[in-house]
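Please look at the sequence and the model below, and keep both in view while reading.

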Amino acid sequence: MNTPAPQLPVSLVTNPKLSSWVKIGSDGRVAISPGKVEIGQGIVTALAQIAADELDVDIGRIEMIRATTAASPNEGVTSGSLSIQQSGRALRHVCAEVRGIFLAAASDRLGVEASALTIADGTIAGPGNVSTSYWELADDVSLDRDATAESFAKSPEARRLAGHSVQRIDIPDKVFAHPRFIHDRPLQGVLHGRVLRPEISGAKLVTLDDAAARAVPGLVAITRDGSFAGVVSETEDGAEAALKALRKGALWSAGEALPDEDNLAAFLKSQPVETMVIDTRASASAAPAARTIRRQFTRPYIAHASIAPSCAMAQWDGDRVQVWTHSQGVCLLRADLALVLRMPPDHITVAHMEGAGCYGHNAADDVALDAVLLARAAGGRPVRVQWSRHDEMTHGPFGPAMAIEVEADLDAKGEIVGWRHAIWSNGHVARPGRASQPALLAGTQIENPFPRMISSNPPAANGGGADRNSIPLYDFPAWTIESHRLLTMPVRTSALRTLGGQGNVFAIESMLDEIAAARGEDPVQFRLRHLRDERARDVIRAVASRAKWKPEKKAGTGYGIAFARYKGTGAYCAAIAEIEGEDDIRVKKLTLAVDVGEAINPDGVTNQIEGGAIQATSWVLKERVRFDHTRITSTSWTDYPILTFSEVPAVDVEIIQRPEIAPVGAGEAAHGPVTAAIANAVFDCLSVRVCDLPITRDRIIAAMELAS
């Protein structure tokens, strides 16, 4: 049998230069420059652990460099829980190779076989007390060479840091209020910009009387390009005042009609669509169906609802521009900026700065273009643009609404013999840098506008979009999975954490729970009976044991379980929810078990699962973009409530550590299972199945009326 040739990790195939990842200085510092960015998920800490392990240096020597198009490897976008899989694997390979290069250089200098040398915190020592170090060799060793496929990382047993919790690198600044977010780090001499946008969806700017705005003290410039208009001021208050005055002088055209918010499923099913069969399975031996259960599940449009609105800075220098942004993909943003500006990409530098995490495509990229367009009128000074809460809730991309129909054919014994799963939804991705036209908001508003990009779905090989997690992991004998992508987009949609995974897991796991209940079978045992994957079975058994399933039933209390493997290829996660349902639904406790393979930083994995569980609880109980037929109406926290601190459930996480298995991300693993577990707990408590999110008092009453 031929042994397959070693392969480079995917991020190294397109970014092979070692020096673009690692720089070792004679001052004892190690600069690590990944192409993925920190958005609150703790990735810079986990990557620092990997680098320190492979290089045999103390983690305190590691300096994590923020991504920039000027120097960092292009790793696309930080999304899909892929940072450890992509950047982590690449960095582990690079650092292992760099370690080997320095050992070879030390061997030549010391006259000792490389195999006889050891490294401790960068000091390379051999027999007879001979020694040198990375720092002594740094000026003589060039890393301006391509990675090879021949280096081998350390075995899990030889790693000191991976698998252990270390203090996150980014937390001290945030706890002690040191400027770290882009919002808090204005450039010297910065001006402030604000953009005028319509209240009515899709309206065009017809006329603009700017006389009142020009009278506002501190005004530097008013700019207009088609329907894009904005102000630049010496102060932030001045920019707000000028924008308010400018708004009074604006006349807008009629806009586009929005769908009926209270009947989204009918809207989604009535639109022109592109239909794809995602997967089919046939069985010649399945028993005939005695009956069929049909259910429709829906989720609304969901906002990112980042606590801090989007912000960016830009500065022109002749025909070149520098942009500072909390975008999740600096290289992709640069590609779209180049399209809008009609200039070479190498005249644009985009540098990442941390901002409020959004975990998906929010307005961070849009505000970057706003800053670039306004900075043209600033005479070379930098311009900072920060969106308002109203802007963020009205004009940023939303997570798409979904309607999901599931049909389960049951035989005479109530066993599943057939399964059909159909999805209607807009596409889940309209990120920058992935098409021949830009996806940035202002690009659709300038004098020669680009068309609004209709969101699409990533291919199944990349985890899918609306169809993500729609293929059951259970061993049903036959199924058909279809996705219907809308070809219209009256409400702007793009990537939100988990893409379609949350909606599909909600539908699948709710249906399974209902079938188990109809059979009188314990839902844990029902799932275990239909799973062959032992890692899947392990997380279910682990969460059941940790939560002492099933606790004694008390009046007004319900318990629910759900499971998924994210994307069908990523982290395994099972969740048990405990809820109270006497008045409003209140989630008291969430217990989760997760398997991410090798957990590089277990505390970081726990943080991600906890955060995802809490965000999912907010989605399930509260979140829903509101609108009438002309405009978005949920423009504040009053209109778009999110979970408050007093409503946060206790979250208990168990990690099944598997150091022998390559790591995968945890950031999006909890949302689907937690969503379905809460819905199943509501059924356990109230004996009513709520199939429409969010699960509010009104939705429960409607479900009760339907059931009666």
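**A walk through the model**

The protein contains 17 helices and 24 strands, where helices (H or I, at least four residues) and strands (E, at least two) are DSSP runs, numbered from the N terminus. This is a predicted model, in which local features need pLDDT of at least 70 and side-chain atom pairs count only at pLDDT 80 or more, while totals for chains, interfaces and linings use all residues. Residues are numbered from 1 along each chain as its sequence is written, and side-chain values use heavy atoms, with hydrogens and water left out.

For the overall form, the C-alpha trace spans about 80 × 75 × 45 Å along its principal axes. A compact globule with 708 residues would have a radius of gyration near 27 Å, and the protein agrees with this because its own value is 27 Å; the radius is taken over C-alpha atoms, and the globule rule is 2.2 Å times the number of residues to the power 0.38.

One part to follow by eye is an open sheet of seven strands with mixed pairing, in the order β9-β10-β7-β17-β14-β15-β16, where two strands pair if DSSP finds at least two bridges between them. Strands β9 (219-225) and β16 (348-352) stand at the edges with a single partner strand each, so one side of each has no neighbour in the sheet. On average, neighbouring strands of this sheet are turned by 20° against each other, direction ignored. Within the sheet, β14 (residues 311-317) and β15 (residues 320-325) pair in the antiparallel sense over six bridges, and the bridge partner of A312 in β15 is T325.

Helices pack on this sheet as well. Helix α9 (residues 330-341) touches β14, β15 and β16, and its direction makes about 145° with that of β16 (contact means heavy atoms within 4.5 Å; axes are lines fitted to C-alpha atoms, for helices over the stretch in contact, and angles run from 0 to 180 degrees between N-to-C directions). Helix α7 (residues 236-248) lies across β7 (191-196), β9, β10 (228-233) and β17 (383-386), and runs at about 25° to β7.

Where is empty space left? Rolling a probe the size of a water molecule over the atoms shows this. On a 1 Å grid over the protein atoms alone, a cavity is a set of points where a 1.4 Å probe fits but cannot get out, a pocket is an open set with protein on both sides within 12 Å along at least five of seven lines, and lining residues have an atom within 4 Å of a point. The second largest pocket has a volume of about 1,000 Å³, a volume being the space filled by probe spheres set on the points, which are joined across faces, edges and corners. This pocket is lined by 31 residues, and I307, Y359, G611, I614 and Q615 lie nearest its centre. Helix α15 (residues 602-621) gives the most to this lining, with eight residues.

A search of the whole structure finds five cavities of 30 Å³ or more, and the largest cavity has a volume of about 50 Å³. Its lining includes V77, S327, D365 and R431.

Finally, the backbone has some details to find. The peptide bond from W549 to K550 is cis, with omega near -5°, and K550 lies in the loop between α14 (534-546) and β21 (557-565). Another cis peptide bond joins L693 and P694.
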